[in-house]
Amino acid sequence: MALMGSLAFCACTGNQSAGDGLGEGAEQEITLAVANGNSTSTRAGRPLLSSEAKQNIDKVIVYVVDASTKEVKHTEEVTNWQSSSEEYGTNDGRFTSFVLDTKLPTGDYQLFAVGYQSQGSSYGDIESALVSGSTFQENAVLPLTADGPAEEIFAGSTESFHVDQAKGFKQRVVLNRQVAGVYVYAKEVPFIAGATELRLVASNENNRLVLGQFVNLELDNNGFGNSIQTAVVNGYSQESAFDKTLVKIDLNEWFTAIEDTDGNGLIDTGVEYANWKKPGFSETATFEKGSVFGGAFVIPFAKVGEEQTLKLQLTTAGGSEVKREWNVNLPSTETNTYTLYTWNGASFGEGESVTEDAHHYNIVRNHLYGLGSRTMDDPGTGTDPEPGIDEDDDPISLNNKHELELIVNDNWEAIHDMELD
């Protein structure tokens with residue numbers, strides 16, 4: 001999903017000949033493009049700090065497969081992706097091209113490509129999941145190695161195309177994000193004795209990611225103004241009783257003391273924000289003074305009956321006691337009717353028409369769901385601003401709120417603003 005319109009590469013669709021327009025003896029060339037910016041961070045996976053379109057992967061692997069049998073005919077690896085590729089647009093993505101050393105014989109082929117962090121991935125041995133024997137697994141299942149947040153991973157494929165060995169071909173594969181994202185950016189946190197954590201909890205959660213049902217749509221504007229016609233929930237779970245907390249914010253990491261000395265019912269930020277601090281993970285990020293933040297990538301999941309999809313809770317340490325709870329809703333401008341494809345354990349379904357409402361909505365692939373407005377990792381350019389300085393960096397107030405509303409973004413294909421009423 002979310003193909004970048006600025007890509008200046010020509011795609012072949014259907015069962016076309018990839019050699020059209022190429023003369024005798026032409027090379028067989030493949031272009032890889034990973035959408036959504038680049039990051040210089042070296043940690044495994046990147047922390048989700050805003051709706052800014054980024055990527056942090058170090059390896060892309062390409063599989064050339066027989067279109068009928070899915071037998072792997074050739075494999076190409078691009079390591080050190082950040083230094084082996086180049087930008088195709090400011091913060092849009094990176095790409096590289098290569099020529100096959102040995103030409104493919106005449107026949108019909110498909111290309112599949114996956115980009116990820118090769119060191120210490122929470123998905124375990126990705127390559128073993130992608131290929132069984134000599135057969136490529138088109139709907140590869142990647143289980144999380146622990147009950148925790150997912151990591152960013154990118155993937156893409158082409159339709160079947162015909163190769164004439166004598167003429168060569170040019171093909172491109174665009175890789176797009178396969179997970180969803182959620183974040184909480186809040187201020188004016190209520191003070192309740194014993195409450196030390198904010199938790200975003202879900203009615204559902206998946207711990208297995210399925211790489212499949214790729215959709216080629218050209219989307220831009222980093223998730224704003226894009227109509228949603230189809231969506232994918234490419235996850236499932238074999239366990240039903242694990243923790244469904246998507247984001248946890250330890251308030252002790254943001255305040256030197258959790259107290260209300262002036263009696264206004266809120267955690268004090270102190271004179272000139274002396275009681276506010278930033279946690280260790282935020283060395284390269286800036287936040288509005290007095291705010292708190294937490295974000296995570298998640299494996300997409302479908303709504304559960306009439307259950308509220310997301311709730312924000314103020315709890316005691318470890319979440320053992322809920323002191324206050326808010327429903328997290330989609331604003332009416334964000335609810336959609338669209339065709340949803342879900343994994344049924346063996347294949348992706350044919351797609352059914354679903355209609356979301358404020359309380360019941362799906363968490364779908366390549367969409368970002370956020371409380372508060374946060375469009376950049378470092379909106380203060382190194383200095384944490386006081387409230388009201390930057391309208392694009394606006395944490396949601398939890399003071400006197402009963403329900404919250406989301407912001408949703410995808411290039412993220414769509415960014416959904418969540419809301420408190």
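The chain exposes about 17000 Å², and carbon and sulfur atoms supply 43% of that area. This is a predicted model. Of the 421 residues, 55% count as buried. The secondary structure comes to two helices and 30 strands. Among contacts with a separation of 6 or more, 77% join residues 24 or more positions apart.

**Cavities**

The structure holds three cavities of 30 Å³ or more. β7 (107-116) and β11 (154-157) each supply at least two lining residues. β7 gives the most, with three residues.

| Class | Lining residues |
|---|---|
| Nonpolar | nine residues |
| Polar | two residues |

**Around F255**

F255 is found in the loop between β19 (245-250) and β20 (292-298). Is F255 buried or exposed? F255 has a relative accessible area of 3%, so it counts as buried, the cut-off being under 20%.

Leaving aside neighbours within four places in sequence, F255 is in contact with I267, D268, T269, N275, W276, K277, G290 and V292. I267 lies twelve residues from F255 along the chain. The C-alpha atoms of F255 and I267 are separated by 8.4 Å.

Key: Residues numbered from 1 in each chain as written. Predicted model: local features only at pLDDT ≥ 70, side-chain atom pairs only at ≥ 80, totals over all residues. Heavy atoms only, no water. Helix = DSSP H or I, 4+ residues; strand = E, 2+ residues; numbered from the N terminus. Buried < 20%, exposed > 50% of the residue type's maximum accessible area, 1.4 Å probe, protein only. Contact = heavy atoms within 4.5 Å. Areas by Shrake-Rupley, 256 points an atom, 1.4 Å probe, with all protein chains shown as cover. 1 Å grid on protein atoms, 1.4 Å probe; cavity = no way out; pocket = protein on both sides within 12 Å on 5 of 7 lines; lining within 4 Å. Points joined across faces, edges and corners; volume = space filled by probe spheres on them. Nonpolar A, V, L, I, M, F, W, Y, C, P; charged D, E, K, R; others polar.
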